[in-house]
Amino acid sequence: MTLSQESIKYGRDCVQSLLENQCRIPIRAITPISFYYNTSDNLIEEADYYYKNNQPEQSFILYSRYITLFVEELKLHHPGYAKASVNDRERVKEIIRSKAFPRAEELKLKLQDKYASEHDMKQKSIQEEKNEKISAASLSKPSTTFHNENEHTLQQLKTNYTQIPPANVALFTVPPTDNSHPKNFNEPIKPTYDRSQKPIPSSTNASMTIFRRITVPNDITPKFLQVAQRNTERKIETCGILAGVRRNDQYIITHIVVPKQNGGPDSCDTEKEEEMVEYISNNDLITLGWIHTHPTQTVFLSSVDLHTHLPYQMLMQEAIAIVISPKYNETAIFSLTTDTGIQVISTCKKTGFHEHINHPPLFLPASHTVYDPALQCKMVDLRN
């Protein structure tokens, strides 16, 4: 199939949009460089998973995140990049050279062709629809030849005239109307949306993304509230890191690691993160997201929470944010929407509390989680 130059350009633009809006992981300078090297193993594993399961858009995004993380972001924005171990650097370099880069290039070409083909088909459909409307409009115009039951009577009336009427005299007078054109009642109503709008790549549709299940211990809320009780009484937020293991293509939360921190009524900042990273690494755990309390408010993700959660979910698609409101006795599990949330937050340069457009929603309750009554959560409090 021969594609138009417009469609070819559209395909390239779609892929470029994915690279610009979905692939740059925010870097925290206070987070130890080892965290990114350790967590990136999960990132490349997820990319391989989507690649094997024929999910080209998701695997392309994840391979590209991996490449961008080490080739650009850490090198430019992390002060500890030069201190990374030689073994880690060589390992990552080999993964990029032998797998991440070749597969990203392969997937890029496939996606460009996919988006271009979809755009070409869409444009042809629009043109066919326009042609049909033009044809319908032309058929609805009054014809100069009469083919109805009054034809014989009309011809008989005409023969009674000895002279042909002047050109400026009409045989029939049509009452004036408000419109200059005859109304066609068979013409379909014009859609209220613009059919020529660019289609959104299916990769950014949350319903098209395959998330592996995360199993959550049933006792996670009461146990976390217990370690947060002192802060809650003072109306101070408490935060922790969700850690666990991967078993049979699903994740299981087994630990909450509570790092040293400095909190307030509506925020919580971690300190000495190297202790937390070391514990997770030494115990062969995977970072699966984070958990925090809202001591005076209901459960939701504030603008600060959204920016906090973004790197977790960009490093692992399934990463979740658990919010607990002791005041209102609520617990909710959220994740950023892949079609809007990740794109909007990753391109937002604002800090502190600020407004975001939330239509479509930037976050939703995570649908890939399930509670297990038989599973118990281990609390690791590093504040002591």
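Biologist: Which residues in helix 2 meet helix 4?

Modeller: Tyr37, Asp41, Ile44, Asp48 and Tyr51 in helix 2 meet Asp88, Arg89, Arg91, Val92, Ile95, Lys99, Ala100, Arg103, Glu106 and Leu107 in helix 4. Contact means heavy atoms within 4.5 Å. By class, the contact has seven nonpolar, no polar and eight charged residues. This is a predicted model: local features need pLDDT of at least 70, side-chain atom pairs count only at pLDDT 80 or more, and totals for chains, interfaces and linings use all residues. Residues are numbered from 1 along each chain as its sequence is written, and side-chain values use heavy atoms, with hydrogens and water left out.

Biologist: How do I read the packing of two helices?

Modeller: Two packed helices are described by the angle between their axes and the distance between the axes. Here, helix 2 (residues 33-52) and helix 4 (residues 86-139) pack at about 25°, with axes 12 Å apart. That makes helix 2 roughly parallel to helix 4 (angles under 35 degrees count as roughly parallel).

Biologist: And aromatic pairs?

Modeller: A pair of aromatic rings is described by the distance of the centres and the angle of the planes. Rings of Phe, Tyr and Trp (its six-membered ring) pair if their centres lie within 6.5 Å; planes under 30 degrees apart count as stacked, over 60 as edge-to-face and the rest as tilted. The count here is seven aromatic pairs. Trp290 and Tyr312 are stacked, at 6.5 Å and 10°. Trp290 lies in strand 6 and Tyr312 in helix 8, so the pair ties together parts 22 residues apart in sequence.

Biologist: Is Trp290 buried or exposed?

Modeller: Trp290 is buried, with a relative accessible area of 6% (buried means under 20%).

Note on methods. Axes are lines fitted to C-alpha atoms, for helices over the stretch in contact, and angles run from 0 to 180 degrees between N-to-C directions. Helices (H or I, at least four residues) and strands (E, at least two) are DSSP runs, numbered from the N terminus. Angles under 35 degrees count as roughly parallel, over 145 as roughly antiparallel, 65 to 115 as roughly perpendicular and the rest as oblique. Ala, Val, Leu, Ile, Met, Phe, Trp, Tyr, Cys and Pro count as nonpolar, Asp, Glu, Lys and Arg as charged, and the others, Gly among them, as polar. Buried means under 20% relative accessible area, exposed over 50%, partly exposed in between (1.4 Å probe, protein chains only).
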